[in-house]
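Could you walk me through this model in my viewer? I would like to know what to select at each stop and what is there.

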Amino acid sequence: MKDKPEPAPKDFAAAVRGLAATWVALIALMLASLGSAYLNLGVGNVVAGLVIATIKTALVVWFFMALRRASAMTRIAGAVGLATLILLMALSFADYATRARAPARWQSPQQLAPALGVGAQR
Amino acid sequence: MTARTAPLADAARTPRHAETALRMETAELGMWVFIATEILFFGGLFFAYLYGRTHWPEGFAAAGRRTDVVLGTLNTAVLLTSSFAVALAVAAAEHDRRRWVARLLWLTAALGVVFLVIKGTEYRHEWSEHLFPGPGFALAATAGAELFFVLYFLTTGLHALHLTIGIVLMGAFAAGTEHASGWAHPPRLQVAALYWHFVDVVWIFLYPLLYLIVRHS
């Protein structure tokens with residue numbers, strides 16, 4: 001990443017060209033994502049889908065949302081959101097992935113004998 | 001270097017200009033902070049999805065095959081194009097092409113409405129195929145399938161709510177630009193556009209997760 005953010009393009013036509021190129025790339029990536037779903041890649045299917053979605057997001061954030069021109073403070077705000085999401089996802093997955101799933105059978109509600117007072121079983 | 005990236009450097013020369021630039025930077029930062037909270041809001045739902053998908057892969061695959069991949073892909077294209085339109089509107093505003101700004105913003109709002117209409121068509125099909133979670137759910141025999149559709153309706157519904165807010169926002173800015181209202185100035189439009197792009201990004205992730213689970217036989 002460069003030290004200084006890029007200035008806005010002086011020329012309107014240049015700005016339009018840059019945005020149009022981003023749009024073409026986004027549509028192409030969408031079609032690539034669609035195509036990948038019809039190939040049998042096993043776990044690679046979900047990986048391909050998420051990797052392509054991440055690339056598309058990067059394009060939107062960098063060019064459409066102009067994060068490349070934003071101040072350092074703004075970039076940090078966005079990065080903190082992303083970092084927190086990754087952190088919480090990783091910690092939650094570490095829990096759920098290592099926890100054995102032991103489904104209990106459905107138990108119908110029933111009246112138990114009181115533990116204290118009249119009718120207590122002791 | 002644009003003024004808004006270095007407001008303090010310009011302050012000595014043109015205090016008034018620098019004040020505007022500083023306010024702009026604050027507004028942009030505020031929207032990004034809001035987006036960061038939204039990332040975590042949708043993030044919880046994405047986590048629930050990934051948990052379900054890793055624990056009931058067959059159920060999620062069976063349910064995922066029932067979503068409409070044609071309409072889903074079409075809607076993805078519509079939303080990506082709407083983001084392109086609003087980005088063009090911001091560029092046009094920066095270069096003082098007000099008529100184009102209004103047109104492009106109306107186009108953005110219209111594409112948002114098209115998205116909602118297509119989404120509504122999908123909902124109607126799914127309702128008639130008993131894919132809405134509840135009694136009489138079509139895939140009740142497959143564990144996890146109902147969970148998929150709970151998350152499907154929850155995430156797409158919340159996304160549609162966000163998009164509706166965006167449509168109102170874009171319509172307001174389009175009308176404001178046409179009438180040269182003082183409040184609809186380019187920096188403010190740029191901040192509103194960030195929101196629209198964020199809603200687009202949410203869909204970018206929903207698309208492969210809801211429509212492209214297992215399409216090969």
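Start with chain A of this predicted model, where the domain assignment gives domain 1 as residues 7-65 and domain 2 as residues 71-97. Colour the two separately: the C-alpha centres of domain 1 and domain 2 of chain A lie 22 Å apart.

Next, bring in chain B and select the contact between the chains. Here 41 residues of chain B are in contact with 45 residues of chain A. On the chain B side, α2 (15-55), α4 and α7 each supply at least two residues. Highlight α2(B), which gives the most to that side, with 13 residues. Colouring the chain B side by class will show 24 nonpolar, 11 polar and 6 charged residues.

Now stay in chain B and select helix α4 (residues 69-94) together with helix α7 (residues 186-211). These two helices of chain B pack at an angle of about 160 degrees, their axes 9 Å apart. An angle over 145 degrees counts as roughly antiparallel, and α4(B) and α7(B) are therefore roughly antiparallel to each other. Their crossing is left-handed.

For the last stop, show side chains where α4(B) and α7(B) meet. From α4(B), the residues in the contact include B:Gly72, B:Leu79, B:Val86 and B:Glu94. From α7(B), look for B:Pro186, B:Trp196, B:Asp200 and B:Trp203, among others. By class, this helix contact has 16 nonpolar, 5 polar and 2 charged residues.

Methods:
Residues are numbered from 1 along each chain as its sequence is written. Chains are lettered from A and ligands numbered from 1 in the order in which they are written. This is a predicted model: local features need pLDDT of at least 70, side-chain atom pairs count only at pLDDT 80 or more; totals for chains, interfaces and linings use all residues. Axes are lines fitted to C-alpha atoms, for helices over the stretch in contact, and angles run from 0 to 180 degrees between N-to-C directions. Helices (H or I, at least four residues) and strands (E, at least two) are DSSP runs, numbered from the N terminus. Angles under 35 degrees count as roughly parallel, over 145 as roughly antiparallel, 65 to 115 as roughly perpendicular and the rest as oblique. A crossing is left-handed if the near helix is turned anticlockwise from the far one by less than a right angle, and right-handed if clockwise. Two residues are in contact if their C-beta atoms, placed from the backbone, lie within 7 Å. Ala, Val, Leu, Ile, Met, Phe, Trp, Tyr, Cys and Pro count as nonpolar, Asp, Glu, Lys and Arg as charged, and the others, Gly among them, as polar. Domain bounds come from an automatic or database domain assignment.
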